[in-house]
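The points are grouped by topic below.

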Amino acid sequence: MSLQLSLLMLVVLYASSADSTCQGINNDEFEDLTNVMRKITCQSGGISEKPAFLATLTPREVALTSGSVVKFDSILTNIGNGYNANSGVFTAPRKGTYQFAVSFVSGHRNNEWLELTLAKNNNRLVRGHAALDPFASGSLQATLALEKGDRISIIQPRPSGHVLGENYSMFSGHLI
C-alpha cells in the first residue's frame, strides 16, 4: 500500500473517531489534506507498484547474428509494461535503481561460443557466456541506476550463436 494512501486513511480514521467533545477535522481542512495527498501522488508519478518483468524464450532454438537483440517472447510478468516482447527491450517507466538477470542455455552446436551482453541505451555493459559445449548454461546480472526512458536489451556480440528456448532462457528485471 502506498504511503500516501496510508496517510489519507489515518486522517479519515482520526476525523471519524473524534467525539463531540474533541474538535475533529472540518470539511475545509479535510479537503486541504486530500489535495495535498493528490499532489504527492501526482509528483511521485502516480505509480503505486514497482516495475518488474519476466520474459522467457519459447522457440526451440534461436540463431543469433552479431548485434542482434534477443527477443524473449513469452511475457510472464510485466508490471508497469516496461518490457516489449516484439523489440526485446525493457524501457524504464520511471527513474530508480533496477536489478536485471539473464539466464540462458546455448544451442546444440559444437565449438560455438554463446555470449550475451546487457546493454543500456545501446552501450554494452555486462557480459555472460556459455561454454563451447552444446546445451551449456550462462548467466549475467546487473544492478543499474536508470532514468525514465532508459532502454535495456540483451545483445549477441559475436558473429553467430544459438540460444535454446523452450523457456530455458529468460530475462528479468525489477525496480529495487
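Phe-100 is buried, its relative accessible area being 0%, which is under the 20% that counts as buried. The model is a predicted one. Phe-100 is also a member of an aromatic cluster, together with Phe-53, Phe-72, Tyr-83, Phe-90, Tyr-98 and Phe-171.

**Overall make-up**

- The protein has 2 helices and 12 strands.
- Along the sequence the elements follow the pattern α-α-β-β-β-β-β-β-β-β-β-β-β-β.
- Of the 176 residues in the protein, 36% are buried.

**Aromatic pairs**

- The structure contains 10 aromatic pairs.
- One of them joins Phe-53 and Phe-100, with ring centres 6.4 Å apart and planes at 50 degrees.
- This pair is classed as tilted because its plane angle of 50 degrees falls between the limits of under 30 degrees for stacked and over 60 for edge-to-face.
- Phe-53 sits in strand 1 (residues 52–56) and Phe-100 in strand 6 (residues 96–105), so the pair links distant parts of the chain, 47 residues apart.
- Phe-53 is buried, with a relative accessible area of 3%.
- Phe-72 and Phe-171 make another pair, with ring centres 5.7 Å apart and planes at 50 degrees, so this pair is tilted.
- The Phe-72 and Phe-171 pair also links distant parts of the chain, its two residues being 99 residues apart.
- Phe-72 lies in the loop between strand 2 (61–65) and strand 3 (74–79), while Phe-171 belongs to strand 12 (residues 170–175).
- Phe-72 is buried at a relative accessible area of 1%, and Phe-171 is buried at 0%.

- An open sheet is formed by 5 strands in the order 3-1-12-6-9, with antiparallel pairing.
- Strand 3 and strand 9 (137–146) are the edge strands, and each pairs on one side only.
- From one strand to the next, the twist averages 5 degrees.
- Strands of a sheet pair through backbone hydrogen bonds, in either a parallel or an antiparallel sense.
- Strand 6 and strand 9 run antiparallel and are joined by 10 bridges.
- Val-102 has Leu-140 in strand 9 as its bridge partner.

- Strand 7 (residues 114–120) pairs with strand 8 (residues 123–130) over 7 bridges, in the antiparallel sense.
- Leu-118 has Val-126 in strand 8 as its bridge partner.
- The hairpin has 2 residues between the strands, and Asn-121 takes a positive phi near 50 degrees in it.

- About 30 Å³ of space lies in the largest cavity.
- The largest cavity is lined by Ser-106, Gly-107, Arg-109, Glu-112, Trp-113, Leu-114, Leu-132, Asp-133 and His-162.
- By class, this lining has 3 nonpolar, 3 polar and 3 charged residues.
- Trp-113 and Leu-114 are among the lining residues and count as nonpolar because of their residue types.
- Arg-109, Glu-112 and Asp-133, also in the lining, count as charged because Arg, Glu and Asp belong to that class.

Note on methods: Residues are numbered from 1 along each chain as its sequence is written. This is a predicted model: local features need pLDDT of at least 70, side-chain atom pairs count only at pLDDT 80 or more; totals for chains, interfaces and linings use all residues. Side-chain values use heavy atoms; hydrogens and water are left out. Rings of Phe, Tyr and Trp (its six-membered ring) pair if their centres lie within 6.5 Å; planes under 30 degrees apart count as stacked, over 60 as edge-to-face and the rest as tilted. Helices (H or I, at least four residues) and strands (E, at least two) are DSSP runs, numbered from the N terminus. Buried means under 20% relative accessible area, exposed over 50%, partly exposed in between (1.4 Å probe, protein chains only). Two strands pair if DSSP finds at least two bridges between them. Axes are lines fitted to C-alpha atoms, for helices over the stretch in contact, and angles run from 0 to 180 degrees between N-to-C directions. On a 1 Å grid over the protein atoms alone, a cavity is a set of points where a 1.4 Å probe fits but cannot get out, and a pocket is an open set with protein on both sides within 12 Å along at least five of seven lines; lining residues have an atom within 4 Å of a point. Grid points are joined across faces, edges and corners, and a volume is the space filled by probe spheres set on the points.
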